[in-house]
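These are my notebook entries on a structure that I went through element by element. I set down what I looked up, in the order in which I looked.

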Amino acid sequence: MEKLKILVLYYQTDTEPADVVAAQVLEALKANGHNAAGAGIFREVSEIVAAVRRRKPDLVVNLCETFAEDPKLEPNVAGVLELMGQPFTGAGMVGLVLAQDKVLTKMVMTSHGLRAPSAIGVFHPDGEQPPSTSGNEPRFPALVKPSSLDASLGIDREAVVRDWDSLVERVRYIQEKFADVALVEEFIDGREFYAGVVGNGASATALPVLEMAFKGYEKGEAKIVTSDAKWNAESEEYKRTTLVRPRRLTAELEASIQNVAKQALAACNLRDYGRVDMRVRRGKPFVLEVNSNPYLAHEAELATAAKEAGLDYNGLIGQIVEHAWRRYHPE
């Protein structure tokens, strides 16, 4: 493809250093021959507008996962770019809203004939039967987590509950600490897989499936990826979870997981790249989460899966840019 003038837009507070992924993406873009520069934004919409107007890019690589210290505002960054008529990589505002609201995501999955854990959104943890978006009662054991946050925020060892009193207590905790609707979903006790996809429509390619391996867990202990397991390298949970290429995975099951991933991303109107987290129970994949604009660091799940497919980091970033550019220039 032709060489582009690209702006890498990333979140940057006034007190913390920039996320390393911004520098990694910039390096990859330059290695692919593009004229790339970065711009950090924090809490002013004018920062986005000014960065785009100053750079006048052919394409923006949108790495913003939050805005003004509020992850729920992530879709608004894409919305501003859309209002400006600025081409950019990844999901648009509608797709980000769909994928961010986990209650809504579950409804979208089931409406498209895909399996997902039964789930309800709880708004008033008052000890009474909570309102439900689906008319279902909670099924125990259940996993309770914030409905619109990612990165396993709000998930710890107490997140899996097995009775009504524990459920009410956990819902109160989620609402008080995170000011968010609590998602109560059936806990699927099965193998956990991650399926990355790059591309759009007929050109979408599913990457090799990865598995989260759990080790050292006691019998009956819930195997879940907590916040510490993801981010705290000194924690016991971090040391007991490892992302691996699964050994005992039939070609048929892997193809099924990959197909579900492509359908789930399309159903949520996601673009260019994405990742779907699933658990398999009795040979059937259940969609846990649909990840829009998943983390693009060297060591993250998408880049790891790309390596398994023989696609190095520069190639992965190059493909994401190319797929985004084709959306705006189909000819």
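**Entry 1: glutamate 211.** I located glutamate 211 in strand β10; strands (E, at least two residues) and helices (H or I, at least four) are DSSP runs, numbered from the N terminus. The model is a predicted one, in which local features need pLDDT of at least 70 and side-chain atom pairs count only at pLDDT 80 or more, while totals for chains, interfaces and linings use all residues. Residues are numbered from 1 along each chain as its sequence is written, and side-chain values use heavy atoms, with hydrogens and water left out.

Is glutamate 211 buried or exposed? I found glutamate 211 buried, at a relative accessible area of 11%; buried means under 20%, exposed over 50% and partly exposed in between, with a 1.4 Å probe and protein chains only. Its side chain is joined to that of arginine 191 by a polar contact of 2.8 Å (a pair of N or O atoms within 3.5 Å; within protein, one must be able to donate a hydrogen and the other to accept it, and residues adjacent in sequence count only if both atoms are side-chain atoms). Leaving aside residues up to four places away in sequence, I listed the residues that glutamate 211 touches as Arg191, Glu192, Phe193, Thr242, Leu243, Val244 and Pro246, contact being heavy atoms within 4.5 Å. Phenylalanine 193 is 18 residues apart from glutamate 211 along the chain, yet their C-alpha atoms are separated by 4.4 Å.

**Entry 2: the second largest pocket.** I read its volume as about 280 Å³. Of its 15 lining residues, Arg191, Glu211, Met212, Ala213 and Arg248 are the closest to the centre. For the terms, a 1 Å grid is laid over the protein atoms alone: a pocket is an open set of points with protein on both sides within 12 Å along at least five of seven lines, a cavity is a set where a 1.4 Å probe fits but cannot get out, and lining residues have an atom within 4 Å of a point. Grid points are joined across faces, edges and corners, and a volume is the space filled by probe spheres set on the points.

Which element gives the most to this lining? I noted β10, with 4 residues. By class the lining holds 5 nonpolar, 1 polar and 9 charged residues; Ala, Val, Leu, Ile, Met, Phe, Trp, Tyr, Cys and Pro count as nonpolar, Asp, Glu, Lys and Arg as charged, and the others, Gly among them, as polar.

**Entry 3: the second largest cavity.** I counted 2 cavities of 30 Å³ or more. The second largest cavity holds about 40 Å³ of space. It is lined by 11 residues, of which Ser118, Glu137, Pro138, Arg139 and Val184 are the closest to its centre. The largest share of that lining, 3 residues, comes from β7.

**Entry 4: helix α2.** In α2 (residues 45–55), I marked Ile48, Val49, Ala51, Val52 and Arg55 as buried. These residues lie on the same side of α2 because they cover an arc of only 165 degrees around the axis, taken from the directions from the helix axis to the C-beta atoms. Arg53 and Arg54, on the other side, are exposed. The cover over the buried residues includes β1 (5–11), β2 (35–41), β3 (59–62) and α3 (74–83). Just after α2, I noted a positive phi of about 50 degrees at lysine 56.
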